[in-house]
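Subject: Structure handover

Hello,

Here is the structure for you to look at. My notes on what turned up follow below it.

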Amino acid sequence: MSREKLAAAITDLRNQAPVRLSSSGHGLSAELPAHSTGTAVLAVPTVTGWGCRVDGGAWRAPHSFGGLMAVPLGAGAARLDCSYRTPGLLPGLAASGTALGVLAAVAVTCGVRRRRGGSRVQHTVRPPRSNRGISSD
């Protein structure tokens, strides 16, 4: 490859690079050059839980391109936002919250019964039956 072609390719890639890129603990945001098209390939492994929005559109799972996240930009994109949501987090939190609520209800119920003297069940002790009157013939 000639140096001129390589320099032209690098210049072309730099012109298509994000104008501004920011990251947080669970997400990435990119301000793209005006009217960007094609596919944005992010240097992030494609794993379950990632989702992206182009220009505030619907949240969609990215495609994979060589194991990296690839997001189709459509026509004239200006912004790309991607975030990671741990798979199963919301159902797990709901189940944990429900279990905690049941545990608290049982603890409160037992505490109230103990303070009120409880609902004591009285057991009547009966003497054992004798075998009188039963013939063993």
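**Pockets**

The largest pocket holds about 450 Å³ of space. A pocket here is an open set of points on a 1 Å grid over the protein atoms alone, with protein on both sides within 12 Å along at least five of seven lines. Lining residues have an atom within 4 Å of a point. Grid points are joined across faces, edges and corners, and a volume is the space filled by probe spheres set on the points.

Before going on, the ground rules. This is a predicted model, where local features need pLDDT of at least 70 and side-chain atom pairs count only at pLDDT 80 or more, while totals for chains, interfaces and linings use all residues. Residues are numbered from 1 along each chain as its sequence is written, and side-chain values use heavy atoms, with hydrogens and water left out.

Back to the largest pocket. It has 25 lining residues, and Q16, A17, P18, T39 and A40 are the closest to its centre. Helix 1 (3-16), strand 1 (20-24), strand 2 and strand 5 each supply at least two lining residues. Helices (H or I, at least four residues) and strands (E, at least two) are DSSP runs, numbered from the N terminus. Strand 2 gives the most to this lining, with 15 residues. By class, the lining divides into 16 nonpolar, nine polar and no charged residues. Ala, Val, Leu, Ile, Met, Phe, Trp, Tyr, Cys and Pro count as nonpolar; Asp, Glu, Lys and Arg count as charged; the others, Gly among them, count as polar.

The second largest pocket has a volume of about 190 Å³. Its lining is C52, R53, V54, G57, A58, R60, A61, P62, H63, V71 and P72. Strand 3 and strand 5 are the elements that give two or more residues to it. Strand 3 gives the most, with three. This lining has seven nonpolar, two polar and two charged residues.

**Cavity**

There is one cavity of 30 Å³ or more. A cavity is a set of grid points where a 1.4 Å probe fits but cannot get out. The volume of the largest cavity is about 30 Å³. L21, L28, S29, A30, L42, L80 and C82 line it. Strand 2 gives the most, with four. The cavity lining has six nonpolar residues, one polar and no charged.

L28 is one of the lining residues and is found in strand 2. At 21% relative accessibility, L28 counts as partly exposed. The classes are buried under 20% relative accessible area, exposed over 50%, and partly exposed in between (1.4 Å probe, protein chains only). L28 and C82 are 54 residues apart in sequence, yet 5.1 Å apart in space, C-alpha to C-alpha.

**Rings**

How many aromatic pairs does a search of the whole structure find? One. W50 and Y84 form a tilted pair, 5.7 Å centre to centre, with 55 degrees between the planes. W50 is in strand 3 and Y84 in strand 5, 34 residues apart, and the pair links distant parts of the chain. Rings of Phe, Tyr and Trp (its six-membered ring) pair if their centres lie within 6.5 Å; planes under 30 degrees apart count as stacked, over 60 as edge-to-face and the rest as tilted. W50 is buried, at 13% relative accessibility. Y84 is partly exposed, at 27%.

R85 lies over the face of W59, at 4.3 Å from the ring centre. The test is NZ of Lys or CZ of Arg within 6 Å of the ring centre and within 35 degrees of the ring normal.

**Backbone**

Two residues other than glycine have positive phi values. H35 has phi near 60 degrees. H35 lies in strand 2 and is exposed, with a relative accessible area of 66%. D55 has phi near 55 degrees. D55 sits in the loop between strand 3 (50-54) and strand 4 (63-65) and is partly exposed, at 42%.

Helix 2 (residues 89-115) has 27 residues. From first C-alpha to last, helix 2 reaches 39 Å, close to the 39 Å expected at 1.5 Å a residue. The expected span is 1.5 Å times one less than the number of residues. G117 follows helix 2, with a positive phi near 95 degrees.

Best wishes
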